[in-house]
Amino acid sequence: MDRKVQGKRLLSVEEAAQYLGLSPRTIYNAVAPKSKRPFPVKPKRVGKLVKFDIRDLERYVESL
């Protein structure tokens, strides 16, 4: 895990993508309102920002 991510609870799309080993564009496309294949982890919206709770991401990875 990257040093910047370590110790943070809410991650940006870029940090979540790095954590999951995905492209940020993949996550942005999946969280779009009319996405045909929505992202399995529901993001938290803080104003216009899209954030992911690291605990939700960990649960998702463990469920794979």
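Q: Which residues form a nonpolar patch on the surface?
A: This is a predicted model. In it, the patch consists of Leu10, Val46 and Leu49, with about 250 Å² of accessible area together.

Q: Where is leucine 49 found, and what is its bridge partner?
A: Leucine 49 belongs to strand β3. Its bridge partner is valine 46, and leucine 10 is likewise bridged to β3, through aspartate 53.

Q: In which sense do β1 and β3 pair, and in which sense do β2 and β3?
A: Strand β1 (residues 10-12) pairs with β3 in the antiparallel sense, over three bridges. β2 and β3 also pair in the antiparallel sense over three bridges. These latter two strands form a hairpin with two residues between them, and glycine 47 in the turn has a positive phi of about 65°.

Q: Is β3 mostly covered or uncovered?
A: Four of the five residues of β3 are buried, so the strand is mostly covered under the criterion of under 20% relative accessible area.

Q: Which residues touch the most other members of the largest nonpolar core?
A: The core has 14 residues, and those with the most contacts to other members are Ala16, Ile27, Phe39, Phe52 and Leu57. Two or more residues come from each of α1 (13-20), α2 (24-30), β3 (49-53) and α3 (54-63); α1 gives the most, with four. Beyond four places in sequence, phenylalanine 52 touches residues including Ala16, Ile27, Phe39 and Leu57.

Q: Why does proline 40 count as exposed?
A: Proline 40 has 54% relative accessibility, and exposed means over 50%. Its place is in the loop between α2 and β2 (44-46).

Key: Residues numbered from 1 in each chain as written. Predicted model: local features only at pLDDT ≥ 70, side-chain atom pairs only at ≥ 80, totals over all residues. Heavy atoms only, no water. Core = buried A, V, L, I, M, F, W, Y, C linked by side-chain atoms within 4.5 Å. Buried < 20%, exposed > 50% of the residue type's maximum accessible area, 1.4 Å probe, protein only. Contact = heavy atoms within 4.5 Å. Patch = residues over 30% accessible without salt bridge, like charges linked within 9 Å, V, L, I, M, F, W, Y side chains within 5 Å. Areas by Shrake-Rupley, 256 points an atom, 1.4 Å probe, with all protein chains shown as cover. Salt bridge = Lys/Arg side-chain N within 4 Å of Asp/Glu carboxyl O. Pairing = 2+ DSSP bridges.
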